[in-house]
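Here is a briefing for a reader new to this structure. Please look at the sequence and the model first; the notes follow by topic.

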Amino acid sequence: MNSKISSAKRFFCIFFLLTLVFSTPKSFAKTLADLRLEKMPADLERDYALSALPPDLRNGASVYLLDPSKGYYLARKGSNGFVAFVARTEWEWSEFRQDVIAPISFDAEGAKMIFPVYQAVAAMRASGKYTALQVRNIIIDRIRKGIYKAPKSGISYMLAPIMRWYVGPPDKYTVATMNMPHYMPYAPYLTNEAICNVPGGHAGSPFVGNAAPLVLGAKNNPFVYLILPLGEKETAKIVQDNKDLLKRLAGYLPYLK
């Protein structure tokens with residue numbers, strides 16, 4: 001009798017374990033799906049990444065593409081010190097989205113001091129071992145320990161004809177598809193208050209791109225940019241010059257239509 005009871009218990013335990021293994025809860029499955037990014041066609045990702053740069057810098061720039069299972073890899077080695085890539089994750093916002101995308105380029109200084117942060121974030125997301133909040137906290141810890149340091153003078157170009165990114169601070173934001181090609185000189189630790197871009201003061205461009213006040217505390221973010229949008233005529237020319245790229249992007253990513 002005891003043997004029969006013991007066998008029944010073993011059967012029940014095995015059945016229960018198999019049920020756990022093969023029955024994935026929807027919420028868990030959704031979490032895994034949220035972590036993963038689809039691999040873009042290499043030629044489209046390359047052209048989109050290079051659109052961040054002025055035309056005369058594109059041929060000599062290094063291009064990094066994203067392998068969603070590993071992170072960024074060097075697809076083309078350049079000669080002028082610039083790097084171009086398509087950003088898919090921004091660590092300050094503590095979330096892994098499928099629908100944020102922006103081509104970014106850095107000069108040699110930014111490639112050395114800022115791009116490694118994007119590489120680390122992409123690799124951590126690809127590993128599936130970290131939540132978005134854990135990634136954010138790891139980056140914050142590395143900044144505070146001096147592993148990631150502020151760049152010296154230099155510039156980042158974001159001249160692509162379209163992007164979809166965060167608008168607003170991490171505690172209250174929207175995600176929007178936008179047409180805003182711009183230059184971004186490095187401005188470590190700068191705040192909007194310092195340039196009088198505050199309510200009641202100067203509210204136009206230039207302005208500071210900085211999530212520091214809610215993430216690292218005011219004046220503590222080494223990765224701050226002074227945002228200088230192009231004028232209407234220059235923006236219209238970029239759109240016109242990139243008609244084919246825009247069509248290809250819209251065909252691949254509906255949210256960029």
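Helix 9 gives the most to the lining of the second largest pocket, with four residues. Helices (H or I, at least four residues) and strands (E, at least two) are DSSP runs, numbered from the N terminus. This is a predicted model, in which local features need pLDDT of at least 70 and side-chain atom pairs count only at pLDDT 80 or more, while totals for chains, interfaces and linings use all residues. Residues are numbered from 1 along each chain as its sequence is written, and side-chain values use heavy atoms, with hydrogens and water left out.

**The second largest pocket**

- A pocket is found on a 1 Å grid over the protein atoms alone: it is an open set of points where a 1.4 Å probe fits, with protein on both sides within 12 Å along at least five of seven lines.
- Lining residues have an atom within 4 Å of a point.
- The volume of this pocket is about 230 Å³, counted as the space filled by probe spheres set on the points, with grid points joined across faces, edges and corners.
- Its lining has 13 residues. Nearest the centre of the pocket lie P55, R58, K237, I238 and D241.
- Helix 4 (55–58) and helix 9 are the elements that give two or more residues to this lining.

**Salt bridges**

- A salt bridge is a side-chain nitrogen of Lys or Arg within 4 Å of a carboxyl oxygen of Asp or Glu. By this rule there are nine salt bridges.
- D241 and K237 form one of them, at 2.7 Å from N to O. The two residues are four apart in helix 9 (residues 232–241), so about one helical turn separates them.
- K237 is exposed, at 52% relative accessibility. Here buried means under 20% relative accessible area, exposed over 50%, and partly exposed in between (1.4 Å probe, protein chains only).
- R97 bridges to E95, with the closest N and O atoms 3.6 Å apart. R97 also meets D99 in a salt bridge of 2.7 Å, N to O.
- R97 is partly exposed, with a relative accessible area of 23%. D99 counts as buried, at 16%.
- A network of salt bridges links D43, R46, D47 and R248.

**Helix 10**

- The buried residues L245, L246, L249 and A250 belong to helix 10 (residues 243–252). They lie on the same side of helix 10, because they cover an arc of only 130° around the axis. The arc is that of the directions from the helix axis to the C-beta atoms.
- What do the buried residues of helix 10 pack against? They pack against helix 3 (42–50) and helix 9, where contact means heavy atoms within 4.5 Å.
- The exposed residues K243, D244, K247 and G251 sit on the face of helix 10 turned away from its buried side.

**Strands**

- Two strands pair if DSSP finds at least two bridges between them.
- Strand 6 (residues 163–167) is mostly covered, with four of its five residues buried. Strand 6 pairs with strand 7 (residues 174–178) in the antiparallel sense over five bridges. W165 has A176 in strand 7 as its bridge partner.
- Strand 10 (residues 225–229) pairs with strand 8 (residues 182–185) in the antiparallel sense over two bridges. The partner of Y183 in strand 10 is L228.
- Strand 9 (residues 207–209) also pairs with strand 10 in the antiparallel sense, over three bridges. F207 has I227 in strand 10 as its bridge partner.
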